[in-house]
Structure formats: C-alpha cells, structure tokens
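Here is a friendly walk through one protein model, from the overall fold to side-chain contacts. Have a look at the picture before reading on.

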Amino acid sequence: MASNIKISTHVLDTSRGRAAAGISVSITKLSDGLWTSVGQGETNQDGRVNLVDGSNYTPGTYKLHFEVDKYFKTHGVDAFYPFVEVTFNAVEGEKYHIPVLLNPFGYTTYRGT
C-alpha cells in the first residue's frame with residue numbers, strides 16, 4: 001500500500017554523525033498573507049517525522065520550523081542558530097521530503113525523495 005504522507009522531514013546531526021532525535025518541528029502554510037499552522041511533530045530516533053498527509057494537503061507555500069536550540073542544549077552544545085526555518089513551494093501530485101543536515105554553526109537542506 002502506498003504511503004499517504006505528502007510532507008515529511010529528516011534531521012541529521014553532522015557534528016555527531018547520527019540522526020537528530022527529539023527536535024520539535026512545526027509546519028505552517030501561507031494563506032492570504034498569513035501563516036497558518038497545519039501540523040507539528042517531533043523527530044524520532046531515526047531523525048524523521050511525517051507532518052502532512054493527503055487529507056490536509058493542498059498546493060501552496062509551506063514553512064518548516066525546527067527548534068534546534070533545545071536539541072543542542074540537551075547535548076551540552078552552544079549553537080549559533082536557535083531555530084531553522086525552511087520555506088518551499090508545493091504543487092499538486094507531488095510528495096515532499098525535506099532533509100536537514102545540521103550542526104551547531106550551520107545547516108543545509110534539499111529536496112529529498
């Protein structure tokens with residue numbers, strides 16, 4: 001059976017060489033000039049979280065918000081970025097997996113599969 005997940009993410013802590021578990025992630029959608037919450041979750045032991053399924057997905061502009069400061073403090077690390085935000089456009093008929101490669105002083109993101 002095919003997955004109904006439309007938007008998911010995966011966070012890898014490149015400074016530790018492992019998945020970043022326990023990061024709070026929220027997702028909002030731009031509608032009429034305002035950001036509206038459409039979901040939230042926390043990365044699991046593999047650093048993954050599914051955020052939007054087909055029942056509440058519509059094309060548009062979305063923003064992922066990652067609360068990384070708490071994650072780094074839990075590991076005794078002072079981080080430069082208290083949070084990371086990734087904004088992207090989503091179209092009909094597509095699935096979006098947005099990985100984040102994270103370290104205390106930088107991050108990289110891309111569209112995954």
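Which pattern does the protein follow when read along the sequence? The pattern is β-β-β-β-β-β-α-β-β-β, which comes to one helix and nine strands. Helices (H or I, at least four residues) and strands (E, at least two) are DSSP runs, numbered from the N terminus.

Please keep in mind that this is a predicted model, where local features need pLDDT of at least 70, side-chain atom pairs count only at pLDDT 80 or more, and totals for chains, interfaces and linings use all residues. Residues are numbered from 1 along each chain as its sequence is written, and side-chain values use heavy atoms, with hydrogens and water left out.

**Overall build**

Along the principal axes, the C-alpha atoms fill a box of roughly 40 × 35 × 20 Å. Of the 113 residues, 38% count as buried; buried means under 20% relative accessible area, exposed over 50%, and partly exposed in between (1.4 Å probe, protein chains only).

**Salt bridges**

A salt bridge here is a side-chain nitrogen of Lys or Arg within 4 Å of a carboxyl oxygen of Asp or Glu, and the count comes to two.

| Salt bridge | N to O distance |
|---|---|
| K73 and D69 | 3.1 Å |
| E94 and R111 | 2.9 Å |

K73 and D69 are four residues apart in helix 1 (residues 68-74), which separates them by about one helical turn. K73 counts as exposed at 55% relative accessibility, while D69 is partly exposed at 22%.

The other bridge has a different setting. E94 lies in the loop between strand 7 (84-90) and strand 8 (96-103) and R111 in the segment after strand 9, so the pair ties together parts that are 17 residues apart in sequence. E94 is partly exposed, with a relative accessible area of 33%, and R111 is partly exposed at 46%.

**Aromatic side chains**

How many aromatic pairs does a search of the whole structure find? There are six. Rings of Phe, Tyr and Trp (its six-membered ring) pair if their centres lie within 6.5 Å; planes under 30 degrees apart count as stacked, over 60 as edge-to-face and the rest as tilted. Among the pairs is the stacked one of Y57 and Y62, with 6.1 Å from centre to centre and 5° between the planes. Both of these tyrosines are buried, and Y57, Y62, F88 and Y96 form one aromatic cluster. Y71 and F72 make an edge-to-face pair, at 5.2 Å centre to centre and 70° between the planes; both Y71 and F72 are buried.

W35 has a charge over its ring: the charged end of K63 sits 4.3 Å from the ring centre. The cut-offs are NZ of Lys or CZ of Arg within 6 Å of the ring centre and within 35 degrees of the ring normal.

**A surface patch**

F80, Y81, F105 and Y107 make a nonpolar surface patch of about 450 Å². Patches are made of residues with over 30% relative accessible area and no salt bridge, with like charges joined within 9 Å and nonpolar side chains (Val, Leu, Ile, Met, Phe, Trp, Tyr) within 5 Å. Accessible areas come from the Shrake-Rupley method with a 1.4 Å probe, and for residues only the protein chains shown count as cover. Y107 lies in strand 9 (residues 106-109) and is partly exposed, with a relative accessible area of 35%.
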